[in-house]
Amino acid sequence: MQFYLDGYAPGDPDIQAPAPDRETGPLPETVDVLIVGTGPAGMLLAAQLSVFPGIRTRIVDRRDGPLQVGQADGVACRTVETFAAFGLSERLVREGYWVNETAFWRPAPDDRGRIARTGRVQDTEDGLSEFPHLIVNQARLLQYLAEFMAKSPTRLAPDYGLDFVTLTVEPEDEHPVVVTLRDAAGAERTVRARYVVGCDGARSRVREAIGAVPQGDFANHAWGVVDMLAVTDFPDIRLKAAIQSAEAGNILLIPREGGYLVRLYVDLGVIDPDNREAFRSITQETVIATAQRVLHPYTLEVKEVAWFAVYQVGQRVTDRFDDIGQDGGDEASRTPRVFIAGDACHTHSAKAGQGMNVSLQDAFNLGWKLAAVLDGRARPELLRTYTVERHAVAQELIDFDKEWSTIMASPPRDAAHPERGGVDPAELQAYFTKSGRYTAGVATRYAPTTCLTADDAHQALATGFAIGMRFHSAPVIRLADARPMQLGHAARADGAWRLYAFADAEGARLDGLMRFLWDGEDSPLRRATPAGADSDSVIDVRAVFQQGHRDLRVEDLPPLLLPRKGRFGLIDYEKAYTPDLATGPDIFDLRGIDRSRGALVVVRPDQFVATVLPLDGHEALAAFFERILLDRR
């Protein structure tokens with residue numbers, strides 16, 4: 001963590017200097033970005049935009065205050081990686097329950113009225129992420145983001161008690177989106193915005209206002225969910241467990257943070273298509289009684305219920321995630337002004353723990369793009385890539401959820417009666433293991449269908465940094481202070497691109513790249529960085545050398561790796577790294593870097609690999625950024 005760049009200030013270094021023209025009072029008449037909904041997607045988007053002093057962002061919600069009781073709770077490895085960019089991962093890891101292993105239970109072969117453990121597997125494969133899979137109350141996660149926003153330059157805070165009514169788009173206006181809001185007393189008011197993002201859930205009114213339509217299957221299965229404090233002799237109560245009984249139904253057991261709380265997802269069976277609302281009359285006592293039958297011969301004595309819900313969810317994905325119509329008319333020629341994210345885009349079961357995690361990645365994808373356009377870094381056309389990239393991800397989520405939900409809701413196969421069908425426990429366990437990368441959130445891969453993802457012509461230079469996938473961190477030593485750290489943790493949620501230059505064997509190619517970026521006429525860093533701004537504010541260059549940290553001298557680094565920044569021109573010593581041989585394999589071996597030629601890995605502000613290039617591929621690098629970033633010299 002770096003601070004004191006513009007002068008010493010005592011106290012909490014997470015509290016950034018306030019923007020001089022920040023707005024913290026009542027909702028103004030005009031804003032740059034209006035976010036509707038304070039769920040995970042809305043709050044992460046707001047947190048990302050809150051660090052830009054020149055962007056006027058506000059977030060509204062119809063509720064009268066913050067969420068108090070959790071809904072979603074599974075925090076995938078990829079989500080923890082994302083929160084590291086906000087400086088929040090340590091809090092999540094400290095407070096959360098670590099999902100280390102998953103146990104599988106099914107009817108005992110000798111007595112199908114009892115359940116018996118049939119397997120136990122590691123939840124996340126080794127090396128998949130430096131972070132674990134966690135369980136953290138959603139309300140706490142949202143609180144972390146709210147605290148981050150409160151310490152940001154804009155001191156952004158949600159405006160509660162404002163219900164979204166509708167919106168219209170008037171393209172000729174500087175603030176073209178006219179939004180009608182209603183307060184708790186029923187009074188209506190309008191706010192004009194440059195952009196609006198609907199993060200207002202599965203029944204999104206923003207989605208309705210832009211005419212986007214959810215498509216897919218309606219709910220056909222009901223589940224009860226209970227967060228409880230209980231006394232039980234079930235031995236795997238502190239392990240995630242998939243439990244199948246012969247006749248009573250199925251349970252997905254999720255231990256919660258704190259050491260005592262546990263969540264049960266209880267299968268309530270198929271919904272009557274002629275009476276879809278009947279499931280709402282099911283009580284928590286009924287759900288608990290069902291769970292007690294499933295767990296036989298073990299006992300479950302519930303002492304307190306912290307949260308209870310019964311829900312039905314179909315697998316649906318909205319046809320588009322912005323207000324650009326698909327009718328080929330004039331509307332299709334303009335850039336988006338209204339977006340949706342999270343449950344407004346995709347709904348599915350909670351069994352794979354993907355809803356909140358995918359929603360957060362929607363917001364992380366959109367946030368840096370809005371910031372780039374509003375901050376003058378990129379053209380508005382960049383915003384078209386949001387629907388293209390995230391719609392494909394949502395469709396993959398729905399396809400996965402259909403398979404996983406079907407398996408979870410199926411009865412266990414009875415060897416004595418194979419004609420009855422069902423799922424073999426080995427099949428359930430094998431599918432869980434196979435889908436581990438997906439549930440960890442690291443399987444997303446953006447196709448080269450936009451300017452943001454290149455082809456794989458030079459992938460062989462860095463096989464472990466797959467183009468289109470998230471930048472997979474690895475251990476390194478920071479040269480200047482010999483600190484062991486994760487290379488990926490150098491990235492912050494600040495809207496900057498990252499160039500990770502892995503040195504060639506002789507170092508000549510790396511030296512040439514540093515010279516080109518520093519003073520080359522076509523250098524994308526020189527093109528994209530406005531006068532007076534820090535050299536790493538738009539494109540942040542880092543280098544990883546092959547030698548050990550004691551074999552290099554800081555004073556021999558090129559100027560680009562010792563940039564002068566801030567109002568005092570202080571030197572940034574955190575741009576150069578070497579392999580960390582004490583904690584495991586050399587990063588060059590671990591991530592398949594060509595030692596002879598080296599590699600340049602270009603990483604987007606949302607931590608996805610955009611392209612891999614040769615260190616001497618100067619023209620290709622300049623051409624890549626020319627399609628995205630504006631010339632601001």
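**Burial, packing and salt bridges in a predicted model**

Trainee: Is Arg437 buried, partly exposed or exposed?

Mentor: The relative accessible area of Arg437 is 44%. A residue counts as buried under 20% and as exposed over 50%, with partly exposed in between. The coordinates belong to a predicted model. By these limits, Arg437 is partly exposed.

Trainee: Which residue meets the side chain of Arg437 in a salt bridge, and in which loop does that residue lie?

Mentor: The side chain of Arg437 pairs with that of Glu125, at 3.1 Å from N to O. Arg437 belongs to helix α10 (residues 436–439), so the pair ties together parts that are 312 residues apart in sequence. Glu125 is partly exposed, with a relative accessible area of 39%. The partner is therefore Glu125, in the loop between β6 (111–122) and β7 (134–135).

Trainee: How many salt bridges does the structure hold?

Mentor: Side chains of opposite charge can pair when their charged atoms come close. The criterion is a side-chain nitrogen of Lys or Arg within 4 Å of a carboxyl oxygen of Asp or Glu. For the structure, the number of salt bridges is 48.

Trainee: How many residues apart in sequence are the parts that Glu147 and Arg91 tie together?

Mentor: Glu147 and Arg91 form a salt bridge, their closest N and O atoms being 2.7 Å apart. Glu147 lies in helix α4 (residues 138–150) and Arg91 in helix α3 (residues 89–95), so the bridge links two helices. Glu147 is partly exposed at 26% relative accessibility, and Arg91 is partly exposed at 31%. In sequence, the parts tied together are 56 residues apart.

Trainee: Are Asp323 and Arg334 buried or exposed?

Mentor: Asp323 forms a salt bridge with Arg334, with the closest N and O atoms at 2.7 Å. Both residues lie in the loop between β18 (316–318) and β19 (338–340), so the pair ties together parts that are 11 residues apart in sequence. In terms of accessibility, both Asp323 and Arg334 are buried.

Trainee: Why is α2 described as largely enclosed by the rest of the structure, and against which elements do its buried residues pack?

Mentor: In α2, 8 of the 8 residues are buried, so the helix is largely enclosed by the rest of the structure. These residues are Cys77, Arg78, Thr79, Val80, Glu81, Thr82, Phe83 and Ala84. The elements they pack against are α1 (40–49), β3 (74–75), α3, β7, α4 and α7.

Trainee: At what angle do the axes of α2 and α7 cross?

Mentor: Arg78, Thr79, Thr82 and Phe83 in α2 meet Asn357, Leu360, Gln361 and Phe364 in α7. The crossing of α2 and α7 is left-handed. The axes of α2 (residues 77–84) and α7 (residues 355–374) come within 9 Å, and they cross at roughly 35°.

Trainee: How far apart in space are the C-alpha atoms of His348 and Asp399?

Mentor: His348 is placed in the loop between β20 (346–347) and α7. His348 is buried, with a relative accessible area of 8%. His348 and Asp399 are 51 residues apart in sequence, and their C-alpha separation in space is 9.8 Å.

Trainee: What is the relative accessible area of Ile587?

Mentor: Ile587 lies in helix α13 (residues 587–590). Leaving aside residues up to four places away in sequence, Ile587 touches Ala474, Pro475, Val476, Leu487, Phe502, Val544, Pro579 and Ile593. One of these, Phe502, is 85 residues away in sequence and 9.6 Å away in space, C-alpha to C-alpha. Ile587 is buried, and its relative accessible area is 0%.

Trainee: Which residues does Arg567 touch, not counting those up to four places away in sequence?

Mentor: Arg567 is found in the loop between β25 (564–565) and β26 (570–571). At 61% relative accessibility, Arg567 counts as exposed. The C-alpha atoms of Arg567 and Arg595, which are 28 residues apart along the chain, are separated by 39 Å. Beyond the excluded neighbours, Arg567 touches Asp6 and Gly7.

Trainee: What is the accessible area of the surface patch formed by Met1, Phe3, Tyr4 and Tyr8?

Mentor: Tyr4 is found in the segment before β1 (30–36). At 37% relative accessibility, Tyr4 counts as partly exposed. Together with Met1, Phe3 and Tyr8, Tyr4 forms a nonpolar patch on the surface, with an accessible area of about 490 Å².

Methods: Residues are numbered from 1 along each chain as its sequence is written. This is a predicted model: local features need pLDDT of at least 70, side-chain atom pairs count only at pLDDT 80 or more; totals for chains, interfaces and linings use all residues. Side-chain values use heavy atoms; hydrogens and water are left out. Patches are made of residues with over 30% relative accessible area and no salt bridge: like charges are joined within 9 Å, nonpolar side chains (Val, Leu, Ile, Met, Phe, Trp, Tyr) within 5 Å. Accessible areas come from the Shrake-Rupley method with a 1.4 Å probe; for residues, only the protein chains shown count as cover. Helices (H or I, at least four residues) and strands (E, at least two) are DSSP runs, numbered from the N terminus. Buried means under 20% relative accessible area, exposed over 50%, partly exposed in between (1.4 Å probe, protein chains only). Axes are lines fitted to C-alpha atoms, for helices over the stretch in contact, and angles run from 0 to 180 degrees between N-to-C directions. A crossing is left-handed if the near helix is turned anticlockwise from the far one by less than a right angle, and right-handed if clockwise. Contact means heavy atoms within 4.5 Å.
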